[in-house]
Amino acid sequence: MGKVNVDATTIATVWHGMQTICKEMRYIVDRTAQNYLIAQLHDVSVGIWGADGSTIAVPVGLPVQFLGTQFAVQDLIKKFGDDIKPGDLFLTNDPYHGGHNCHLPDWGFFRPIFYEDELLFFTLCRAHQQDTGGAFPGGYFPDGYDIHAEGICIPPVKVHEEGVEQTSILELIWNNVRWPEGTKIDNYAMIGATKMSEKRIIGLLDRYGKDTVMSCVDEMLKRTERAVRKEIRKIPDGTYHGAAATDDDGSVLDVPVWVRVAVTVKGEKMTLDFDGSDPQQKGFINSVYATTYANAIAAVVLCLDPALADYHNQGTMEPITVRTPEESVVNCVYPATTGASPVNVGVQVMEAVLEACSKARPDRSVASWGKHRGDYVFAVDPRTGERYVRTSFDYDGGAGAVWGYDGYQGVSCLTAMGAVNRGDVEEMEARLPWHLIKYEMVTDFTGNGRWRGGPGVHWEALNEGTDGQVSTGSSDGDEVMGFGAVGGGASPQSRTYLVRNGEKIRLKPHRRVVIKNGDIMLKHSSGGGGVGDPAKRDPHMVQEDVENELVSIKEAKSVYKVAINPNTLEVDMAKTKKLRANIRKKNKTKKRSAA
Amino acid sequence: MESAKKRVCLDVGGTFTDCLVMDASGDLTSFKSATTPNDPSDGLLDTLKKAAANFQQDIKDFMGDVELLVHGTTLATNTLITGKGAKTAMITTEGFRDILEIRRGIKPLDISLFNLFIPPNRPLIPRSRRIGVEERTLFTGEISVPLNENEVAKIVTRFKKSGIEAIAVCFLHSYANGTNERRAADICKEVAPDIYVTTSHETIQVWREFERFNTTAVGAYVGPAVARYLVGLEARLKDSGFEGTLLMMLANGLVQRVDQCVNRGVHLLNSGPAAAPAGAAYLGGLLGKKDLVAVDMGGTSFEVCMIHNGEIMTTTESWVGDQRIAIKMIDLETAGAGGGSVASIDSLGLLKVGPESAAADPGPACYGKGKIPTVTDADLVLGYIPDDYFLGGEMKLDVDHANNSMKSISKKMGVDKIKTAQAIFDSINTTMADEITAISTKRGHDIREFVLVAGGGGGPIHAGFLADYLDIPTVIIPPVAALFSAFGMFAMDLGQDFARSYIARIESANIRDIANLYKEMESEAFETFAVHGVSKKDITLQRTADMRYIGQFMEVETELQNGTLTKKILHAGAEAFSKKHEALYTFSMPWKGVEILTLRLKASADKAPFHLPKIKRGKANPSAALKRKRMAWFQGKRLKTPVYDGALVRAGNKIPGPAIIEESTTTVVIPESYTCRVDGHKNYILTRN
């Protein structure tokens, strides 16, 4: 490759061009897919990688779906070598066999991009399919025997050869999922996105010339790497610890499974060592290395200077090493089940790293988010007589606080980092035999702090469809609470119930049970963790929360040490001062006695 | 005095109030005044007084001659963006008071996935003022829980006491049956007649509650300010002798009588910019071109929209600031790119231009107050704009200040001031070009087949370079480019959009039900137009239906044939949908069934005939208009560039690039790769060599 000197303007332009291409890829999927998760909720990731697998553009997506994709591209090249040709298209969903994927429902289409007969890039569109075969619909059910029980495993295979669709291969695949016709639509939507990406990247190469574009990419990666190294150097050298657990693995019930990490910073390098994490489990919470890697990198990125947020690429990853013990819950081997791993233990990987990083850089603290409260319901819609799967992020809580801001409302699931959206009540009621009873934020149901978590959510709906099954799949957080940072409160415990004939039946995470017509499903999903001492929260912010019924007068006093007049809802400043002075006194005595 | 009749278009922007007057001879005269943010009607009347003086009339005589006044205003948009709307409350279905706040988990669209350090969402209506009441309507339209009227009355009484100025009534599934919303609104009016009340089904009768509720909340939030302004303006215009028709420019690119707008504030968002595409379509028509991309580059922002096959693109998926608006609006993409866009070096050492703007205060460095380099400073340093003829010489620009401002970043970039200015210039052009590419790809078009129509104060300076970058062969720059939106208002159709949710598969759709819904919308349209004095035969109706393949989530608006609806017409619509799908998204699925989600009707009446004034013909050689020569930079070369006087050019003049034409309100820059031809209406038509 010819090296040319490129100026800063061209670099920025090429860079911006590639980011725009990714956004347009998702737009095409949005507009044309039929799967609720993909089209409406954005359970989809797109990006651009180099011919050597280096991560170039990843502006829209979920970390688990694309921050570890360099390993898949590298293995694709190893497996197919010279047999990669223009117009080829690869499909894989396999966590093993060179797929490096998080779990089976996330299918990824890889398209190599050639220019003047030279392989320069890969583009990927990965999205969560409505179904991927296996013992139960939806792919999020516990206690499968092995990975094959979870669905069809597609190793990297060519589904287009030099522009020609390999229909028989696709038909074999589609025949192994429920709702093959819907899946076909979604696959075409995804393939359309990769086609558009190819067209636009070639346009970029035509305009600037290959050497310029490649030099710009090279320079972008270098600049990002330099900036990230500088950021790491700002963290005091040392080792910082974090740990988090999921309630259980779905097979051995009520026994928490732990992820532990030691983050060691030395100069401009950072090592995340997950030694001490629990061994690989029978249940479906095992994470392959690429998934752990993706979540760990994402967590570190959140604690770096937000001014770098638009620039992350391979350069970000170079100074960071992720070590995982073999055959552990953070580096499982075939044929371990992985169904829930994007969420559990994916969330725990991020939480552990965030907890450690928040100790290293309190001013960049990020508290844990409300845990995912997801489920899969499979039954029949009596209006059409058709089978359906219902799932979404509607019933999740909110984000955790960060240093300086309360947690964002309504964004769900830490490992999705707000990339996924919620649905509309009206759309759900029109599409599915479920009637919403209540969907609102809840008082006193989030991690407290100088900055509190986004509020928790109450979600309640009546099953007007047939009897069926519900899998609480990747729900979590009934027992183990998410951490608060720098003295902030933890994200409270969440609960799910089935209300049958007026009786409340507790439904724990990672379970699969029968659901009946007329059952009410009731979910209390907590908000995120807090950051900082709640007694240091601005009293006027507490007052606003009381006005908005997000914090009760009682908790304002007991937790935030703010006295609110119940008649006027004004802050009683004199009383508040007193309340807060008392704690300072107590703290002083505590410190003294500790000394 | 029939012969003295005038038509006036007024666009009140953030900084300037633009006014174009067309007199009986068809001549356009332009006027500009500063906008008066406290009461924009002050600035508006100032501008009209300026115009009257120019016609040597007193304001009463002048206004008495005006038969039609079309008005675009940034009032609704500004009220929303600056957070100065009414103290608003919401009455909603019990158990669902947080739809606005949870807002489907959407973070601000321009914030990176990897940045969590942002303030939480602050809804226009805080939680303490969003109150649920007992009521429930189902998606079938059936009312499963009747409205608890006592509860509503109590809530409104409380709102009244706490000084609420506007109420949004937002119930689930009201698009299917608006009874409960209507009743609640009536109670609001009974209990508190002074409070502004809107309902969600009257704002937009389409499903998906977050989108509908948020649009309604925005309408309630800007509504009182809009209503106050419009009522006040009407009175002031009447006092000044105006007896003609006052039409407001709406978000959807159509105009509407003012009395129809008083209670529909949300439709006045983007009023102003929404007029630009109509102007572009008109100019394209002069050249027989129907595929156009209209750009408007002002001081702080850049707006772009597409016109395909003569049709101005609209969308129901807009965001204005951080607010989702679901009414049909002109499909405008906006970028923070304008003359005031500020240049800086970012965290990776890369040049960043915009979206921050130096705005009017301190303004670009060359205005004399600021020190930070802006796009206008780069334009000046590169020699494109004159220091002595800015706004026709009203304002002197300071070249030294502009040069000095470059130094603040040229050191970090390690280049001289000229290269810095060039980098700023190129950088803002690529930002605008990417915006154009993004909107055209979204729409499935190849931008090279389009004609670029450039407006705004900065458009004529940058358009040639944008076209060069995007391989666009033809650029049209009208002489009134700087008052582009006001100009567009001359070209506007009178009209309104109507919509009804109707969810069914094509195969099982009930033809009679659909026909009835269209009929319902059509009679509504006829009624509305009757108020305007437009008779049925002058109304153009266009039926469309939002369709998608069964199972998809997003629809494509597809035209349906007018007249008696038949199965055949519906099927033809479904086929047209498949074709559109293929064009937009690279594939179609004819094997898959199609369903309808929303029926739409656009009713419009043609504008009165309108002509641009003609200029005298001259020779191809433009030397008679040569004003001077100035050093300017083209592609890194310093060239002695001919500068022409816009007042002296003649139809038929051919001006090869590089060249500059100075108009009193803007400067046209012709790059080396283009030649400019002046047409009979003094449009500058740049063609690639």
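## A walk through chains A and B

Leaving aside neighbours within four places in sequence, B:M631 is in contact with B:G383, B:R638 and B:K640, where contact means C-beta atoms, placed from the backbone, within 7 Å. This is a predicted model, in which local features need pLDDT of at least 70, side-chain atom pairs count only at pLDDT 80 or more, and totals for chains, interfaces and linings use all residues. Residues are numbered from 1 along each chain as its sequence is written, while chains are lettered from A and ligands numbered from 1 in the order in which they are written.

B:M631 sits in strand 29 (residues 626–634) of chain B; helices (H or I, at least four residues) and strands (E, at least two) are DSSP runs, numbered from the N terminus. With 10 other C-beta atoms within 10 Å, B:M631 is exposed. Here a residue is buried if 20 or more other C-beta atoms lie within 10 Å of its own, exposed if 12 or fewer, and partly exposed in between. Between the C-alpha atoms of B:M631 and B:S440, 191 residues apart along the chain, the separation is 36 Å.

**Two helices of chain B**

Helix 14 (residues 459–470) of chain B has 12 of its 12 residues buried, so it is largely enclosed by the rest of the structure. Among them are B:H462, B:F465, B:D468 and B:Y469. After this helix comes B:D471, with a positive phi near 65 degrees.

Now turn to helix 17 (residues 567–585) of chain B, whose 19 residues reach 27 Å from first C-alpha to last, close to the 27 Å expected at 1.5 Å a residue; the expected span is 1.5 Å times one less than the number of residues. Buried here are B:L570, B:G573, B:A574, B:F577, B:H581 and B:Y585. Seen down the axis of helix 17 of chain B, the buried residues fall within an arc of 100 degrees, so they line one face of the helix; the arc is that of the directions from the helix axis to the C-beta atoms. B:K568 and B:K579 are exposed on the other side of helix 17. The cover over its buried residues includes helix 1 (8–32) and helix 6 (180–208) of chain A, as well as strands 26 (539–549), 27 (556–560) and 28 (594–605) of chain B.

**Strand 35 and its partners**

Strands pair if DSSP finds at least two bridges between them. Here are two pairings of strand 35 (residues 684–688) of chain B.

**Where the chains meet**

In all, 56 residues of chain B are in contact with 73 residues of chain A. Helix 13 (417–442) of chain B gives the largest share of the side of chain B that touches chain A, 8 residues. By class, that side has 28 nonpolar, 15 polar and 13 charged residues. Ala, Val, Leu, Ile, Met, Phe, Trp, Tyr, Cys and Pro count as nonpolar, Asp, Glu, Lys and Arg as charged, and the others, Gly among them, as polar.

Terms used: Two residues are in contact if their C-beta atoms, placed from the backbone, lie within 7 Å.
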